[in-house]
Amino acid sequence: MSLFLKGTLVLVITAFFGEMVEFMINMILARELGEAGLGTYMSILPTVFLVVILSSMELPISLSKFIAEKDEKHHRGMLQYVFRFAVLTTIILLIAMIFVYMWTPLFEGIHTGIRWLILAVIPIVAFTSIIRGYFMGVQEMRKIAVANFLRKGIQLLLLVSIYQFLSFSSDTSIFIALCTLVASEAVVFIYLIQAYILNRKGKRKKGFAHDPLSKVEMRKSILSVSVPTTVLRIFHAFTHAVQPFLIKLALVHAGMGAAEANEHFGMMAGIALTIGFFPSFIAFSLLIVLIPTISEKVSAKDVEGILLHLKQVMWITFGYGVPAVVVYYLLGDYITTTFFHSVTSAYYLKLLWPYFFFHFLVLPLQAFLIGLGLVKDALLHTVWASIFSFSLIYILGSNPEFGMSGVIIGLNAGAVLSALLHYITICRELETTLWLKSLVKM
């Protein structure tokens with residue numbers, strides 16, 4: 001079995017159990033927070049994730065790409081450089097967030113402790129990102145898999161322990177839920193830092209040449225990938241932060257009350273999307289493995305190897321994606337009523353099947369674009385797909401005849417467009433047809 005398939009298998013198996021844990025986490029949150037509280041929680045999360053992206057500066061992607069492409073003699077110098085880089089970005093971001101709190105009403109009206117949580121998560125994510133990038137680059141996927149599972153396992157353990165014995169007001173319950181998320185990230189950081197220290201000690205014992213690149217070369221290697229990828233993720237996070245408010249605004253214009261619109265959004269985001277994205281752990285596993293794998297093959301100019309991986313990814317995605325959406329469509333009512341005691345969300349789950357399926361395709365295709373050096377193309381595709389999707393969400397969602405159905409049409413259309421743009425660009429870059437035939441060697 002190839003290293004690519006071994007790494008994918010390790011991540012997929014571990015991620016499967018992690019998704020089972022995530023499923024239980026969302027069940028607990030749905031029960032403890034209620035529909036209104038869940039809607040508020042889901043509205044806060046995109047903003048939290050935006051701060052996380054800024055903290056990481058997409059170092060896992062840029063560093064893993066560098067590690068995969070360059071000889072080991074360059075690794076130590078780059079690691080020292082990115083640690084200094086992370087310290088600088090952390091300080092800047094902490095100062096920036098303090099000014100944001102002073103000048104804007106961000107997180108006002110909810111638990112005041114959420115502001116402190118955001119500040120605490122910045123350094124944790126910044127330094128964890130470096131270690132993730134290193135292990136991804138050297139393709140030690142077991143450590144990445146353990147870290148991913150550990151994060152969800154710790155969060156579940158904390159949620160069960162706290163909610164089992166204590167009861168809180170709605171605002172405090174939301175704050176506690178976010179506390180468990182940050183605490184789990186801290187545990188992952190401790191695990192990865194000790195694994196990294198042991199790994200580097202082993203390298204020193206074996207002995208290796210140390211030939212660092214110049215600071216200009218290291219800066220160029222990191223920023224050429226990190227900046228456009230960070231912009232892509234920021235835009236993606238920004239659209240997800242705006243999306244809840246756009247959807248609820250459209251529903252209000254369609255004739256719903258604000259509270260009713262919030263509840264419907266909570267049912268879609270907290271229940272239908274939670275169920276629908278359950279198999280996406282496979283797509284995320286492919287994303288993690290593909291970035292260093294494709295980067296290495298691009299460096300070696302192995303076009304046939306890249307095409308082989310593209311075919312494998314397409315078959316894997318169709319192999320799990322098609323059965324998943326069929327199950328959602330046929331058994332949606334049973335799943336939502338059994339696990340979440342919600343009937344309305346089953347309707348949303350069934351209608352969203354294109355959104356789920358094409359999302360499963362978008363993630364690994366994005367990894368190909370990054371590996372091929374086409375990060376800017378991925379960004380443009382996301383921009384155009386989001387504009388198209390948001391336009392339909394507002395136009396159709398604010399129409400009383402469509403309402404939530406119009407919102408779902410907009411979400412589906414954006415996912416389809418994004419996947420098609422990614423796939424066509426990859427085929428063009430590899431000089432192959434849409435059926436992956438007639439490859440012209442570079």
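This report walks through the aromatic pairs, a nonpolar surface patch and the salt bridges of the structure above.

The model is predicted, so local features need pLDDT of at least 70 and side-chain atom pairs count only at pLDDT 80 or more, while totals for chains, interfaces and linings use all residues. Residues are numbered from 1 along each chain as its sequence is written, and side-chain values use heavy atoms, with hydrogens and water left out.

**Aromatic rings**

A search of the whole structure turns up 18 aromatic pairs. Rings of Phe, Tyr and Trp (its six-membered ring) pair if their centres lie within 6.5 Å; planes under 30 degrees apart count as stacked, over 60 as edge-to-face and the rest as tilted. One of the pairs is tyrosine 81 with phenylalanine 85, stacked at 6.5 Å centre to centre with 20 degrees between the planes. Both residues belong to helix 3 (residues 75-103), four residues apart, or about one turn of the helix; helices are DSSP runs (H or I, at least four residues), numbered from the N terminus. Tyrosine 81 and phenylalanine 85 are both buried, where buried means under 20% relative accessible area, exposed over 50%, and partly exposed in between (1.4 Å probe, protein chains only).

Ring pairs also join Phe83, Phe127, Tyr134, Phe135 and Tyr196 into a cluster.

**A nonpolar patch**

Phe318, Val322, Val326, Val327, Tyr329, Leu330, Leu331, Tyr334 and Trp353 make a nonpolar surface patch of about 880 Å². Such patches are made of residues with over 30% relative accessible area and no salt bridge, with nonpolar side chains (Val, Leu, Ile, Met, Phe, Trp, Tyr) joined within 5 Å; the areas come from the Shrake-Rupley method with a 1.4 Å probe. Helix 10 (residues 303-339) gives the largest share of the patch, eight residues. Valine 326 lies in helix 10 and is partly exposed at 41% relative accessibility.

**Salt bridges**

The structure holds six salt bridges, each a side-chain nitrogen of Lys or Arg within 4 Å of a carboxyl oxygen of Asp or Glu. Among them are these:

| Lysine 143 | Glutamate 140 | 2.9 Å |

Arginine 428 in helix 14 (residues 404-429) and aspartate 377 in helix 13 (residues 375-397) link distant parts of the chain, 51 residues apart. Arginine 428 is exposed, with a relative accessible area of 57%, whereas aspartate 377 is partly exposed at 22%.

Key:
Helix = DSSP H or I, 4+ residues; strand = E, 2+ residues; numbered from the N terminus. Patch = residues over 30% accessible without salt bridge, like charges linked within 9 Å, V, L, I, M, F, W, Y side chains within 5 Å.
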